[in-house]
Amino acid sequence: EVQLVESGGGLVQSGGSLRLSCAASGLIFDDYAIAWFRQAPGKEREGVACVDPNASDTYYQDPAKGRFAISRDNARNTVSLQMDSLKPEDTAVYYCGAAYIGCGYEYNYWGQGIQVTVSS
């Protein structure tokens, strides 16, 4: 059974930092790109950042550029999202997803999501 488990969410003040982690099991981890998505109340899920299977390329959506950094450790089957300079508009449920082959392909597996709340 494939599992993606997010951790590291919580409540932080505006301008603060959080580091999210996604731990994967049950799949050949370095066959998959891993991405972070988020969904705020009343809004559609949106992409945040993605790292390709061998960590040679990373991709960021505009809200994350310059503030967030995605990284992966294939030896530990984990992907992290370092989020700095957080803003209230970053408040959302954050999900990690795994896409076979690469970023931008269909996401085959999802985590259950974790809440991030940024207070003003």
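In the predicted model, a disulfide joins Cys-50 to Cys-103, with a sulfur-to-sulfur distance of 1.9 Å. The torsion about this S-S bond is -95 degrees, and the link is left-handed. Cys-50 belongs to strand β5 (residues 46–51), whereas Cys-103 sits in the loop between β9 and β10 (107–110). The two cysteines are 53 residues apart, and the bond thus connects distant parts of the chain. Cys-50 has a relative accessible area of 6% and is buried, because buried residues are those under 20%.

The structure contains two disulfides. A disulfide is a covalent bond between the sulfur atoms of two cysteines. Besides the link of Cys-50 and Cys-103, there is a disulfide between Cys-22 and Cys-96, whose sulfur atoms are 2.1 Å apart. The torsion about the S-S bond of Cys-22 and Cys-96 is about 65 degrees, so this disulfide is right-handed. Cys-22 is part of strand β3 (residues 18–25) and Cys-96 is part of strand β9 (residues 92–100), so the bond ties together parts that are 74 residues apart in sequence. Both Cys-22 and Cys-96 are buried. When the bonded cysteines of the protein chain are numbered in sequence order, the pairing reads 1-3, 2-4.

Aromatic side chains were examined next. With ring centres required to lie within 6.5 Å, the count comes to five aromatic pairs. One of the pairs is formed by Tyr-107 and Trp-110, whose ring centres are 5.7 Å apart. The planes of these two rings meet at 45 degrees, so the pair is tilted; planes under 30 degrees apart would count as stacked, and those over 60 as edge-to-face. Tyr-107 is buried, with a relative accessible area of 16%. Trp-110, in contrast, is partly exposed, and its relative accessible area is 35%. The value for Trp-110 falls between the limits of 20% and 50%, which is why this residue is described as partly exposed.

Arg-45 lies over the face of Tyr-95, at a distance of 3.9 Å from the ring centre.

How values were computed
Residues numbered from 1 in each chain as written. Predicted model: local features only at pLDDT ≥ 70, side-chain atom pairs only at ≥ 80, totals over all residues. Heavy atoms only, no water. Phe/Tyr/Trp six-rings, centres within 6.5 Å; stacked < 30°, edge-to-face > 60°. Buried < 20%, exposed > 50% of the residue type's maximum accessible area, 1.4 Å probe, protein only. Lys NZ or Arg CZ within 6 Å of the ring centre and 35° of its normal. Disulfide = S-S within 2.5 Å. Helix = DSSP H or I, 4+ residues; strand = E, 2+ residues; numbered from the N terminus.
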